[in-house]
Amino acid sequence: MIFIRSKRWHVVICCILITGAFPLPLIYSGNTSTEVRTSANTSELNIYPRTPVYLTPPFTTNFPTPVNDTVRIIDGNLLINGKETYLYGGELQYFRIRDENHDADRTWKMWEETLDLMVDAGMNFVSFYIPWDYHELSEGNFDFSGSRDIDHLLDLCYERDFHVMVRPGPYIIAEWPNGPNSFGAVPQWFKDSFPETMQIKSDGSSHDQPTYLHPTFLNYTKKWFARITPILRKYIHDQTCIVMVQLDNEPNFLWVDHYTVDYSGSMIVYYRNYLERKYGNIQVLNADYGSDYRSFIDIEPPPTPPEKIMDNPISWDWFDSSQCYIIEYLLILRNIWEELGIQKNDILFMTNDGISDIPTRNILMWDGFKKNIPGLSTLDIYAKMWPTNGHLMDIPYSAGFFTKLFEYSAEKVRGTGGYSMGPEIQGGWWIKPPDISAKETEILLAKLIGHGLDGIGMYVMRGGFNMDNSVYDFQAPIDTVGYTRERYDVLEKFGKNLIEPYGNSLMASEDVENSIAVASYWPYMNPQNGVSEDMDYFYAYESAGLFGCLMSAGYNPDVIDLHEVEVKNLSKYNAIFFMNPGYLGSEDALKLRDYVNEGGNLVNFLWPGEKDLAWKDNPDNAAMVNELFPAEFIEHWDWWYPPFGDYLDFNIYGQSGKVWAYDYQTSWDISGQPDCISFVTDRSDNVVGYYKKSGKGNAYFLGSYLSANYNNDKYYEMDEEDISSKSRLMQLILANCGVERNIYADTPFAEVWARKPRTSENELFIFAVNNKDETQNVKIQMQNLSRLGLLSNVRYRLFDVLENEELGIITGQELLDQGLNISFDAYSAKIIHFIATYELPLYYGWNLISIPFIREEEGLKDMLTKIDGKYDIVQSYDPWDLENPWQLNYTYREPHFNDDIRINDTMGFWIHIPDDSEVTLYLEGSTPVLSQVRFKRGWNIVGYPSLSPRPVDEVLAGINWEKLQFFGGGNPENLEEMTGDDMMMPGEAYWLRVSDDCVLEIENGGGRM
């Protein structure tokens, strides 16, 4: 028996305080791969097949081929009508933002006021549910008038240029219609008329919601969708503003213990067919289950969590078949929309899921590798849920970790190029709302945007009223009356100062990560016997805590899923960090072994992993453990009582210290393993952590939790010395793995990381947060300019984005030598924009110059505004214009400036300075990663699109060039020949003669010293 963690006392206490009850048992499951198959054609009104079928990877569908190109995700960017668009806004629940007596004029005025406040905050995005029960008051009796007029609401959105996501159900969670403990939108008249559609509990009683695949429920859902389709189509095709349609809302059996629901006939038939498809014949299943079933039809789903280890495969199949049941349901909903004429690329279909710890255990967790199949899987993040403490957040590192994991799963399944979105951000837990502060909003937004969330929807933007007129507020940025709160000021600051000027640049940027990864593992979401950890919590929080420990130490890890990652893609990481409760798929065990033997470094916490996903001994798992973690287990400790842990000593690579181990530890005998070296011991000198060389790499094992507190509210109570010691331990391990920090803070409770554009160099965004409830002066230190895309010899303008303040100009070398000193308020965030600046001196007479920056929207005259009156003639040359290759522009006579001439990084031009006064052209911008120049046979003028001097032969490699000339000053005819060894310089332009028409690709040297 393996024990991981025995109790979560803070969760138990919260459950008692909030619900008056203890949580359900903390136990759980696992097994091998799943096989499922696609839905039947759903073109008929009776869309539910008599016998459910399966989803089989790669989940083929019968969706029509898109004919439009309105909404696309390309290379990590959301394009709406071809324009890159960062979505920033929030949830406007029109059915709650209304007059209490449903007066139409007053309600419409409230909608307008709310939308106008959102515009004022720099927002361009609105989402809202369309509750079925709010509009179909009785069967066939629809009301879309007055306070229910969504056509009018959409028209208001269209007038204000909002992009809209509609969420028509059929379910919505949202505590609708009457607040806490109600889940809504399926009309009560439907439930009363069709009780046979309701989910069945394990005790045989009825649950108050329909099962997803009941034919009657699906048929009425199609009627509901058909009724609202004409309204939606109007705002998809005619007055285009709807860009997203949600395929139901958080479909996971309504956050209920899955050993309680759903045991309806539809679910059981699906479950049995799933088993038959997976195992093929009953004998194979019996061998896995230890059972003696005669046929698949005899099998009943498990009514309780696994009571012994051999029950784990049964529970695994129950949970995984339910995941597939939901995907089947979502694909049917999407088929309905497609048949009604609302199709992919007209809009983006999406799903949404929250990652949260709630008193109900054994819920069906988010599986991004399935949820991304019917539509883009998007993130709901509620960083503050519990009212029982006064801390800023309850899950301080989930935001960054799950932003990356959602992005990873979307890329793996959908090929989004790194696009992720969050339609529900922040609102607290619904039973008793906690204190959600403006400071939390600021830090949460910085973490989400800074780690790559490319769309933000705050939940909810304005408070309102439930169906029974009780208040639904969630401490919204706008209260029920329409007054703004402090949180609105934060949203306005982010909208106006960050998203409006930089949103698209951020969407086209990437995290500057170290060459390390935290490996999540989706099989750990399922209940499992044999460990005392609550696997809901383990999957949702522990890896995120490890991510937080590394961020605090000054490292920004990538996030991957070990079960889904290809072996070849592991080699790009110098180190992989993995939380291992003692079992993993045999093929994944071999991935880890081979990764280490080929030169990787594995840092494995908790247990070696000698059992496979069916909790059986497996030769592949044994091979991995014998090679990487051969020590003999001695004993374990669980702290069931305060202080819930103990100090451990570390001594590694000549440095030592103490770190607090939370809740659990194991000790190991390495006496018979001369290759194993101890580096962590307990107070009795028992070995808790050791490492060994294996092949070309290293395997580190640590049999305890060091990082658990980083992703719960206890983080804010951690001792600064303990944080510093854990950071030092991570730094020692990673230094031995050949990993250096790129950018880091020198202060506990402060973290800093960077994002840089994917298509340009010499531009950077630094995100930094102070996680402490007091002011701090923090030094931000840079250790690796190259990884940050900065150059030591280039000057950079620093701009405090949120405060809209200049911070001065500094060179890359000064940043490396001196760091950057920043003063933080208590619980606050800083976002600093770095952009290269260049001073180009212009001399009396003619100058042949180029601009080494991307200037996509700027014309020639606009660029020269700062030196108005100091020049008189500008000439550009276009060899492709055979009739008039020279474009002449004068300031004192005709022709005046040609505003159609746009500056780019490869363009060269002549500029004339009429007197000997000192003239300097001050420029700033980012240099392109790759520039393409089209040359015509003969002579061309070419600019040099880089801030790094490079030899001619290196720059012009790949084309047959005949001559290259630079301007030596004086008359324009004063041109001098260049050789292949001469250096091309920033700010200069050149005459180039080529023998044939050709295209040259110039890779910028910026950031690649």
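A disulfide is a pair of cysteine sulfur atoms within 2.5 Å.

## Cysteines

By that cut-off, a search of the whole structure finds zero disulfides. The sulfur of C549 has its closest cysteine sulfur in C737, 14 Å away, which is too far for a bond. For C676 the closest cysteine sulfur is also in C737, at 16 Å, and this too is too far for a bond.

C549 counts as buried at 2% relative accessibility, where buried means under 20% relative accessible area, exposed over 50%, and partly exposed in between (1.4 Å probe, protein chains only). C676 is buried as well, with a relative accessible area of 7%.

## Basis of the model

This is a predicted model, in which local features need pLDDT of at least 70 and side-chain atom pairs count only at pLDDT 80 or more, while totals for chains, interfaces and linings use all residues. Residues are numbered from 1 along each chain as its sequence is written, and side-chain values use heavy atoms, with hydrogens and water left out.

## The chain as a whole

The protein chain has 21 helices and 52 strands. Helices (H or I, at least four residues) and strands (E, at least two) are DSSP runs, numbered from the N terminus. The C-alpha trace spans about 95 × 80 × 55 Å along its principal axes. For 1009 residues, a compact globule would have a radius of gyration near 30 Å, and the 31 Å of the protein chain agrees with this. The radius is taken over C-alpha atoms, and the globule rule is 2.2 Å times the number of residues to the power 0.38.

Of the 1009 residues in the protein chain, 66% are buried. Contact means heavy atoms within 4.5 Å; among contacts between residues at least 6 apart in sequence, 77% join residues at least 24 apart. The chain exposes about 35500 Å², and carbon and sulfur atoms supply 46% of that area. Accessible areas come from the Shrake-Rupley method with a 1.4 Å probe; for residues, only the protein chains shown count as cover.

## Helix α12

Helix α12 covers residues 438-450, and its 13 residues should span 18 Å at 1.5 Å a residue; the end C-alpha atoms are 18 Å apart, which agrees. The expected span is 1.5 Å times one less than the number of residues.

Twelve of the 13 residues are buried, so α12 is largely enclosed by the rest of the structure. Among the buried residues are E440, E442 and K447, along with I443, L444 and L445. Just after the helix, G452 takes a positive phi of about 115°.

## Surroundings of S760

S760 belongs to strand β32 (residues 760-761) and counts as buried at 4% relative accessibility. Not counting residues up to four places away in sequence, S760 touches I854, S926, T927, P928 and V929. The side chains of S760 and S926 are joined by a polar contact of 3.3 Å. A polar contact is a pair of N or O atoms within 3.5 Å; within protein, one must be able to donate a hydrogen and the other to accept it, and residues adjacent in sequence count only if both atoms are side-chain atoms.

## Surroundings of H214

H214 sits in the loop between β10 (206-210) and α6 (215-238). The residue is buried, with a relative accessible area of 14%. Leaving aside neighbours within four places in sequence, H214 contacts E196, T197 and S266. The C-alpha atoms of H214 and S266 are separated by 6.1 Å, although these residues are 52 residues apart along the chain. A polar atom of the H214 side chain lies 3.2 Å from the backbone nitrogen of T216.
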